[in-house]
Structure formats: structure tokens, C-alpha cells
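Hi there,

Here is the structure I promised to pass along. My notes on it follow below.

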Amino acid sequence: MKQVLIVSGVLLAGWGASASSAFAAGDSSHMGNMAMPGKPAVDTSADSALTDATVKSIDTSTGMVMLAHGAMANIAMPAMTMAYKAKDAAMARSVHPGDKVRVRVENVGGTLMIVRMDK
Ligand SMILES: [Cu+2]
């Protein structure tokens, strides 16, 4: 039990760090997510790490972006091709199939969301 509490604390600390860089200050909508119990992270030491990915396809109606991506330790995801929810419509519209990007995917309230995507 003590171990679980420690892991949760690290997760929340990581959230705070990434939230300050990935979201505008004053956004209260993700404060609720911070209080939710997260999945135990495999590795929280590189919590803002970006992962190389190639955009395979985009569905602008749903905001889903199909990525061929490297391993993402923070969500325990090995390298694979998989669709993730873009954090907003502007992000989904900003990329095209074939684009090489660097992404940060996080578990936001149970949804694997692309919170940052650098071209
Ligand atoms: Cu995956």
C-alpha cells in the first residue's frame, strides 16, 4: 500500500510538470484528471520525453491520428502503429500522412491523448 501511494505521488508530480508545459495556465479542465488514479507508470523518470513517430492517417471528424511510433514508456506502449486522440482539432489539422513528428502521448482521464506534437 505504501508503495502504491509513492507511485501515485510520482505520477501526480509528473502531471504537474507536463501540464505546465503542454497546457495554458488557468485551464481547470484537466485539474480533475490530476486527481484521478492513474495507471502505474513503468518509468516516470523521463516524464516529458518525446517519441519519434510517422503520421499514417488523420480522421479530422474524430480527431484521431494514426501514428507509427516508437516505444512510449509513460503509457507502457511498445513501438506500434495505432490511432490516438489529438488534444484538439487544430493539432489534427496541422499534420498530414507521411509527416515525421515527435509526440507526447499521455493517459488523460482514461484516453490516450496526443498532448504535444512537434513537426
Ligand atoms: Cu499502441
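In which sense do β1 and β2 pair, and over how many bridges? They pair antiparallel, over six bridges; two strands count as paired if DSSP finds at least two bridges between them. Elements are DSSP runs, numbered from the N terminus: helices are H or I with at least four residues, strands E with at least two.

A word on the source: this is a predicted model, where local features need pLDDT of at least 70 and side-chain atom pairs count only at pLDDT 80 or more, while totals for chains, interfaces and linings use all residues. Residues are numbered from 1 along each chain as its sequence is written, and side-chain values use heavy atoms, with hydrogens and water left out.

Back to the strands. Four residues lie between β1 and β2 in their hairpin, and G63 in the turn has a positive phi of about 75°. Across this pair, M66 in β2 stands opposite S57. On its other pairing, β2 runs antiparallel to β3, again with six bridges, and A68 is partnered by T81 in β3.

The faces of β2 are worth a look: V65, L67 and H69 make up the covered face, and M64, M66 and A68 the uncovered one.

L67 also belongs to the largest nonpolar core, which has 17 residues. Such a core is a set of buried (under 20% relative accessible area, 1.4 Å probe, protein chains only) Ala, Val, Leu, Ile, Met, Phe, Trp, Tyr and Cys residues joined through side-chain atoms within 4.5 Å. L67, Y84, V101, V103 and I114 touch the most other members. β4 gives the largest share, three residues.

Best wishes

Note on methods: Buried < 20%, exposed > 50% of the residue type's maximum accessible area, 1.4 Å probe, protein only.
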